[in-house]
Amino acid sequence: MMEQREFPNPYSEYSGEKLLGTDGKLSPDIARNISSSIEDLLKRLHAGLVEADPDDYSVYTGSAGISLLYLHLYKTLGRSQDSSFLQTALDHIKRPLRHLKNRKMSFLCGDAGPLALGAVIYSRLGKNKESKDCLSRLEGLQHKLEDDSLPDELLFGRVGYLFSLLFVQKQLGPDAMDSTHITKVVKLVLRSGRTMSERDGWSHPLMFAWHDKHYLGAAHGLAGIFYTLMQVHSSSLQPDIDKLVKPSIDYMLTLRFPSGNCPSSIGSNTDKLVHWCHGAPGWIHMFVLAYKTYKDEKYLKAAKDCAQVIWQRGLLKKGYGICHGLAGNAYAFLTMYKLTGDMAYLYKAYKFAEWCFDYGKHGCRTPDRPFSLFEGMAGTIYFLADLLDPQHAQFPAFEL
């Protein structure tokens, strides 16, 4: 008997509870509950960061991730009346920008994340010289792209660098980043995927591997690669992206478990992981964007199946985080709510938020970096802040 990785879901199905006010925003009582939890968790985060690893500069588990959180809080909570969030974001990005090691190049785990964040934060503060310096350093990482040892996946690879470029464009405007840089990365990723597919005889046009294993999820696998590629909007690249990505997603449809969950890698037949990094909570974003892009109902059906298994098995004993915790799972419901407008999905996101109100009281495992963005408390705060404005919620370092 396999050990349960999740707590039983104690919540009933949606039965028409009022969630929104007349202005279309969350009802005042719900918003107050969320804001109160954010305030409490921010105090605990501030105290806990004193003991965080000072030499981890990544977005994933380090100080750059705390910077991204505060940039997000500036956008969601403080833009109109409080710039202290933006200053705090700068405080947390300064040290990473001075100590980058020029070894990894992705947004989440490499130099590209801090540099992209630095460019955006300095620009928001009107420090254009510093912003341009960050952009120049970010573009300078491109010489690594053609290294054959570089993977293509999101966490460490080319697609992680691609996200950094797209993030800058989204935050600062299309002219902030030369589009030829984006074109170069996309062509390299597509070429890499086609080469592996043709060489190894796969039936679908794009295949990728990480450490000689064909991963399928958002962090290391196909779902993260295809999702990021579909977020590229370029008339010159679109035909190739569509021609190669759509049939590859169709192949992934055939791999799902009967439960609606999704395997972590090719050959995995154990239906156990319901995480953003491995499983339905990562795949659902790919299916939703495929539905929006290609208008095929089969992708919407797959997304609904993913949402159901996340509702059933998403209260994870691993904790409350983004990568393999409850907050990352809850984003699935926000994504479905934005797509469908169905209040049942907003209700489910709020119920997962209620679980977070009792942060640390459920007996979950304590992560290695308990206050970080993708493993710990910072990610939970990020999700709760997004829930205050659910129509504009975006999964951090993944959704543009």
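Colleague: Before we start, what kind of model is it?
Modeller: It is a predicted model.

Colleague: OK. Let's take helix α8. How many of its residues are buried?
Modeller: Nine of its nine residues are buried. The helix covers residues 222-230 and is mostly covered. Among the buried ones are Leu 222, Gly 224, Tyr 227 and Thr 228.

Colleague: What covers them?
Modeller: The cover includes α6 (158-172), α7, α9 and α10 (280-294).

Colleague: Pick α9. How are two packed helices described?
Modeller: By the angle between their axes and the distance between the axes. For α8 and α9, the axes come within 11 Å. They cross at roughly 145°. The crossing is left-handed.

Colleague: Which residues meet there?
Modeller: From α8, Leu 222, Ala 223, Phe 226, Leu 229 and Met 230. From α9, Ile 241, Val 245, Ser 248, Ile 249 and Met 252. By class, that contact has nine nonpolar residues, one polar and no charged.

Colleague: Now α7. Is Val 186 buried or exposed?
Modeller: Val 186 is buried, at a relative accessible area of 0%. This valine lies in helix α7, residues 179-200.

Colleague: What does Val 186 touch?
Modeller: Leaving out residues up to four places away in sequence, Val 186 touches Leu 162, Leu 229, Val 232, Leu 237 and Ile 241.

Colleague: How far apart are Asp 240 and Val 186?
Modeller: 54 residues in sequence, and 9.8 Å in space, C-alpha to C-alpha.

Colleague: Switching to charges. How many salt bridges does the structure hold?
Modeller: The structure holds 17. One of them pairs Arg 44 with Asp 40, with the closest N and O atoms 3.7 Å apart.

Colleague: Where do Arg 44 and Asp 40 lie?
Modeller: Both are in helix α1, residues 28-48. They are four residues apart, about one turn of the helix. Arg 44 is partly exposed at 33% relative accessible area. Asp 40 is partly exposed at 37%.

Colleague: Give me another. What about Lys 301 and Asp 305?
Modeller: Their side chains meet in a salt bridge, 2.9 Å from N to O. Both lie in helix α11, residues 297-313. They are four residues apart, so about one helical turn separates them. Asp 305 is partly exposed, at 23%.

Colleague: And Glu 399 with Lys 338?
Modeller: That is a salt bridge too, with the closest N and O atoms 2.7 Å apart. Glu 399 is in the segment after α14 (377-387) and Lys 338 is in helix α12 (residues 326-340), so the pair ties together parts 61 residues apart in sequence.

Colleague: Is Glu 399 buried or exposed?
Modeller: Buried, because its relative accessible area is 15% and the cut-off for buried is under 20%. Lys 338 counts as partly exposed, at 24%.

Colleague: Last one. Which residues are linked in a network of salt bridges?
Modeller: Lys 246, Asp 250, Asp 296 and Lys 298 are linked that way.

Terms used:
Residues numbered from 1 in each chain as written. Predicted model: local features only at pLDDT ≥ 70, side-chain atom pairs only at ≥ 80, totals over all residues. Heavy atoms only, no water. Helix = DSSP H or I, 4+ residues; strand = E, 2+ residues; numbered from the N terminus. Buried < 20%, exposed > 50% of the residue type's maximum accessible area, 1.4 Å probe, protein only. Contact = heavy atoms within 4.5 Å. Salt bridge = Lys/Arg side-chain N within 4 Å of Asp/Glu carboxyl O. Axes fitted to C-alpha atoms, helices over the stretch in contact; angles between N-to-C directions. Left-handed = near helix turned anticlockwise from the far one by under 90°. Nonpolar A, V, L, I, M, F, W, Y, C, P; charged D, E, K, R; others polar.
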